[in-house]
Amino acid sequence: MSLFDYHRLDQQLLHTIAYDALVWSSLHGLVVGDKSVQKRSGSVPGVGLVHAPIALLPTPFPQNQWRQASELAPIFNELVDRVSLDASFLQHSLSRTKEADEFTSKLLDIHSTMLHINKKEEIRLGLHRSDYMLDEKSNSLLQIELNTIASSFAGLSNLVTDLHRYIVWSHGKLFGLDSKSIAANDAVNQNAEALAKAWSEYNNPRAVIMIIVQAEERNMYDQHFVSALLREKYNITSIRKTLGEVDEEGEILPDGTLSVNGQQISVIYFRAGYTPADYPSESEWKARLLMEKSSAIKCPSISYHLVGTKKIQQELAKPGVLERFLDNKEDIAKLRKCFAGLWSLDESSIVEKAIEKPELFVMKPQREGGGNNIYGDDVRETLQKLQKSGSEEDAAYILMQRIFPTISATVLMRNGCWSKDHAISELGIFGTYLRNKDKVIINKQSGYLMRTKISSSDEGGVAAGFAVLDSLYLT
């Protein structure tokens, strides 16, 4: 019997653990807005809350691959920064995508405008998250994607780690687990620290941090944890604004400072703006351009945002490309080791193979936020449709090797009910990066997010409703 076969646990014990987990989550703010309650749960704090979807017990993960993932974070941080400075690489790599995808095209237009007015970002802040899966066959850690904008769940993942330590401390003796083996997670403190240090570098004590949010945000508590820390630990005020509000209330003062509703802004932290749905009209795009032109520190800047696109991920995996940006041979080898197979659709031999064996591939559009990828027979159908139409539309996608992670026996909690299921997990490693001109102030791994989903589900987003929050039990 495996220690981690949670399905062997007695029903009564699971019932007790579930009850304890629900109480703990409610008392500690491990909550999201409940969409089944009413409209206001995504806009008014404290109205219609429900515990976040969680795994009841931590998922086992090998110590060596955990260390490998953690060591990659500062290298990826540095890579993002260097690629962001190579404007021609970004524009050239995304030129075909631009023709096929209106959203990427609009982002590239803003990037071009910044180049045209010679706008330099001297202080650069990155709150990134690199997501991995453990491929069962090869036992290798492979990167799914690198998020450079609105990397969420630092607050709630931090809490899930605390919850699991509490549960294992309370009940673990009954099934042989030790709470000290759950990997420590300090994500929310690290995120707040990076934002606070960026605020200090900007050096305007009257200025505030502005968090760009969606008008309806059921994951608002994850964001409020960061704001609360900024206030309590660093005495820094943060304000929440939608892109539409920035367009209405924002202006750039003669010295380049961004002012929103009369308040000067030092740092703009995007928790929205990563999906076309966040730009329903021209005014949101105007707001994005206005912010980009200002002297405020952007997290992310337009170039950091573009580095996080799927197409750039695929370009960086090509032979010889990493060498263009990094000098350290060991670092390059470490990055290459975690790259899965990535191809553009103009590589006809791979497209043929994907039509033949679609189950071995995933098709990814240039989109963030979960729920957008294409799997299984749909891969074949989409590829054949694109071949027939002969349009430029194929440039809106990349092909990626499908990763087959270990399936484990898990207990999932949603809406107050627990269920036994078979699941796979995805590990996201947060990285924080801050530099001012030549001085790197922060570059480190900053906690993690473990997401577990039913093994029959293809998509991985918690906010999109496919997965639950989890933690790591190091083996």
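The points below take up selected local features of the model, from salt bridges to backbone geometry.

1. Basis of the note. This is a predicted model, in which local features need pLDDT of at least 70 and side-chain atom pairs count only at pLDDT 80 or more, whereas totals for chains, interfaces and linings use all residues. Residues are numbered from 1 along each chain as its sequence is written, and side-chain values use heavy atoms, with hydrogens and water left out.

2. Salt bridges in general. Side chains of opposite charge can pair when their charged atoms come close. With a salt bridge taken as a side-chain nitrogen of Lys or Arg within 4 Å of a carboxyl oxygen of Asp or Glu, the count comes to 27 salt bridges. Glu 78, Asp 81, Arg 82, Arg 124, Asp 327 and Arg 435 are linked in a network of such bridges.

3. Asp 86 and Arg 324. These two residues form a salt bridge whose closest N and O atoms are 3.1 Å apart. The pair links distant parts of the chain, 238 residues apart, with Asp 86 in the loop between α2 (63-84) and α3 (87-93) and Arg 324 in helix α13 (residues 322-325); helices here are DSSP runs of H or I with at least four residues, strands are runs of E with at least two, and both are numbered from the N terminus. Asp 86 counts as buried because its relative accessibility is 17%, while Arg 324, at 49%, counts as partly exposed; buried means under 20% relative accessible area, exposed over 50% and partly exposed in between, with a 1.4 Å probe and protein chains only.

4. Two further salt bridges. Lys 286 pairs with Asp 247, the closest N and O atoms being 3.8 Å apart. Because Lys 286 lies in helix α10 (residues 282-293) and Asp 247 in helix α9 (residues 243-249), this pair ties together parts that are 39 residues apart in sequence. Asp 247 is partly exposed, at 23% relative accessibility. Glu 315 and Lys 318 also form a salt bridge, with 3.3 Å between the closest N and O atoms; Glu 315 is buried at 12% relative accessibility, and Lys 318 is partly exposed at 33%.

5. Packing of α7 and α8. The axes of helix α7 (residues 187-202) and helix α8 (residues 220-234) come within 9 Å and cross at roughly 60 degrees, where axes are lines fitted to C-alpha atoms, for helices over the stretch in contact, and angles run from 0 to 180 degrees between N-to-C directions. The crossing of α7 and α8 is right-handed, a term that applies if the near helix is turned clockwise from the far one by less than a right angle, left-handed being the anticlockwise case. Val 188, Asn 189, Ala 192, Glu 193, Leu 195 and Ala 196 in α7 meet Phe 225, Val 226, Leu 229, Leu 230, Lys 233 and Tyr 234 in α8, contact meaning heavy atoms within 4.5 Å. By class, this contact has nine nonpolar, one polar and two charged residues; Ala, Val, Leu, Ile, Met, Phe, Trp, Tyr, Cys and Pro count as nonpolar, Asp, Glu, Lys and Arg as charged, and the others, Gly among them, as polar.

6. Asn 191. This residue lies in helix α7 and is buried, with a relative accessible area of 3%. Not counting residues up to four places away in sequence, Asn 191 touches Leu 127, Ala 154, Tyr 269 and Thr 432.

7. Ser 238. Strand β8 (residues 238-241) holds Ser 238, which is buried at a relative accessible area of 17%. Leaving aside neighbours within four places in sequence, Ser 238 is in contact with Ile 209, Ile 211, Ser 227 and Leu 230.

8. Leu 22. Helix α1 (residues 11-28) contains Leu 22, which is partly exposed at 23% relative accessibility. Beyond its neighbours within four places in sequence, Leu 22 is in contact with His 51, Met 413 and Gly 416.

9. Backbone geometry. A cis peptide bond, with omega of about 10 degrees, joins Cys 299 and Pro 300, and Pro 300 lies in the loop between β12 (297-299) and α11 (302-307). Ala 150, a residue other than glycine, has a positive phi near 55 degrees; Ala 150 is found in the loop between β6 (140-147) and α6 (154-175) and is buried, with a relative accessible area of 13%. Asn 235, also not a glycine, has a positive phi of about 55 degrees; Asn 235 sits in the loop between α8 and β8 and is exposed, at a relative accessible area of 68%.
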